[in-house]
Amino acid sequence: MPPSPSRLFAEIATAERPANPPVVMRRAVVLGGSIAGLMAARVLTDHAEEVLIIERDPSRVDDGPRPGVPQGSQVHALLPAGQVQLERWFPGIVDEAFALGAPPPPSDEGTAKIFVNGVLGLPPAPSDTGPALITTRPFLEALVRRRTLAVGNIRMAYGRADGLVFADRRVTGARYVPEGGGEPVVEPADLVVDAMGRSSRLSDWLADNGWPRPPIQRMPIKLNYATALFKQDEKVSDAWVVVYHTMAGKGRTARIGGINSVEGDRWMMLVAGYDADRPSRDVADFTARCRKHYPQEFGDIAEHGEMLGGVVTYHQADSRRRDFHKLDRMPAGLVAVGDAIASFNPVYGQGMTSATLHASCLSAYLRSGPKPHEEPARAYFDRARVVVDAAWQVSTSADIELPHVDGPYPPGYRVTKWFGDLLFRTSLTDPVLNARLGRVTTMLDHPATLSQPGTLLRALRLGLFRSRSTTTDTTGEGLAPK
């Protein structure tokens, strides 16, 4: 009998470092040198004699957001589960990040605030994963790249991935056009990893060579971001982390906001809306939104803080997933990681964390004794599916409530929505349920853990007590778990 999704997820998300990983291939090629590609490359150094990363963007990650990462200037979050995996594959990296300037969390927990529908909720439950690592995307990516390239059997080449080489029902290499142009170069490989992100061309390459495309699911979230950096000033605000979420409902417009303290004594502040609600790059518009629609901290920083640079915007049309596990045929010697498998609504911070977990799926697969150059990596994609399902369930259960979203609705939607509403409402005031829900939303646990009898009974008991003790909540509106 196969393990349950929650058990398999726990095995993937472990902090334990593998002992004596076997070398099972001579050469691996990773297409893409962002977080997902770097994490996969690090894992592959344990199992391949040589690892080559082919990265399109030659700009230095230390110089700020790269052109190849369009959302690189926006707020990014490494959830606790991602931090565990980062430390698992790069021991000491969290302490190194703090030594290089990542802001350590303050001792006063009150400086981390979470607002839901305008109401300040319980503070985040204390984490057993260590101090939270909160940085800009370029800072973290530069650190991960330095640590990855410091491994002896890995190197990076710059150029544009141009296709795969197939022979005898397997991928035998990858082509790329070197930086500056010229004839395509063919790099032989026992395993090729697609880490090319949302814009991956892998489906086209498979179809062009007679293989089926992986089925794709989309949810049209139509998310609009605007972000600005400010110099931290205690005279303006003592904010460290502030999260604001207004969910769609009667008289409410769905909006998200966030303030993060990041390296360089700066605040990174984000405001976001959906569909026709589009923050612009206009500073006056950004400031007005912060004051009108968000808690006082947003307005104070926008009006009185020193903005560093301008306002940058980003639009994401949909969440999407490519279900490789559903393919009836696939070539050997090929896997995909990160956004090339699935990309979610970024407001939930699941992207980089999922990428770290995909790397751990790859490690578990390669430690299970496969011959990746001879057989399809179905065991890898089955593990990756568990991670994708977990993130997809959390994010889409909320996004499906947006007025402009009309599906796809999961099986048993009405029942799961009813319980999700109940669990979310009771978690706002109950520390135990708040902590359990928090472990799921931060990807430390699989969502299936919330269906355990003790959690169900506690939510039902608290929900029943609330319905008897108060008559103030008469709207009947559902709140999807966040």
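**View 1. Arg-169 is an exposed residue in a loop.** With a relative accessible area of 57%, Arg-169 counts as exposed (exposed means over 50% relative accessible area, buried under 20%, and partly exposed in between, using a 1.4 Å probe and protein chains only). You will find Arg-169 in the loop between strand 5 (154-167) and strand 6 (170-178). Strands (E, at least two residues) and helices (H or I, at least four residues) are DSSP runs, numbered from the N terminus. Take a look at the backbone here too: phi of Arg-169 is near 65 degrees, a positive value in a residue other than glycine. Most residues other than glycine have a negative phi.

This is a predicted model, in which local features need pLDDT of at least 70 and side-chain atom pairs count only at pLDDT 80 or more, while totals for chains, interfaces and linings use all residues. Residues are numbered from 1 along each chain as its sequence is written, and side-chain values use heavy atoms, leaving out hydrogens and water.

**View 2. Asp-265 has a positive phi.** The value is about 55 degrees, although Asp-265 is not a glycine. Asp-265 is found in the loop between strand 12 (255-262) and strand 13 (266-274). At 58% relative accessibility, Asp-265 is exposed.

**View 3. Strand 1 pairs with strand 2 and with strand 8.** Strand 1 (residues 25-31) is mostly covered, with 6 of its 7 residues buried. Strand 1 and strand 2 (residues 48-55) run parallel and are joined by 6 bridges; two strands pair if DSSP finds at least two bridges between them. Strand 8 (residues 191-194) also pairs with strand 1 in the parallel sense, over 4 bridges. Which residues stand opposite Val-30 in these two strands? In strand 2 it is Ile-53, and in strand 8 it is Val-193.

**View 4. Leu-44 sits in the largest nonpolar core.** A nonpolar core is a set of buried Ala, Val, Leu, Ile, Met, Phe, Trp, Tyr and Cys residues joined through side-chain atoms within 4.5 Å. The largest one has 88 residues, and Leu-44, Leu-362 and Tyr-380 have the most contacts inside it. Helix 10 (residues 378-399) gives the largest share of this core, 9 residues. Leaving aside neighbours within four places in sequence, Leu-44 is in contact (heavy atoms within 4.5 Å) with several residues, including Met-25, Val-30, Val-193 and Leu-362.
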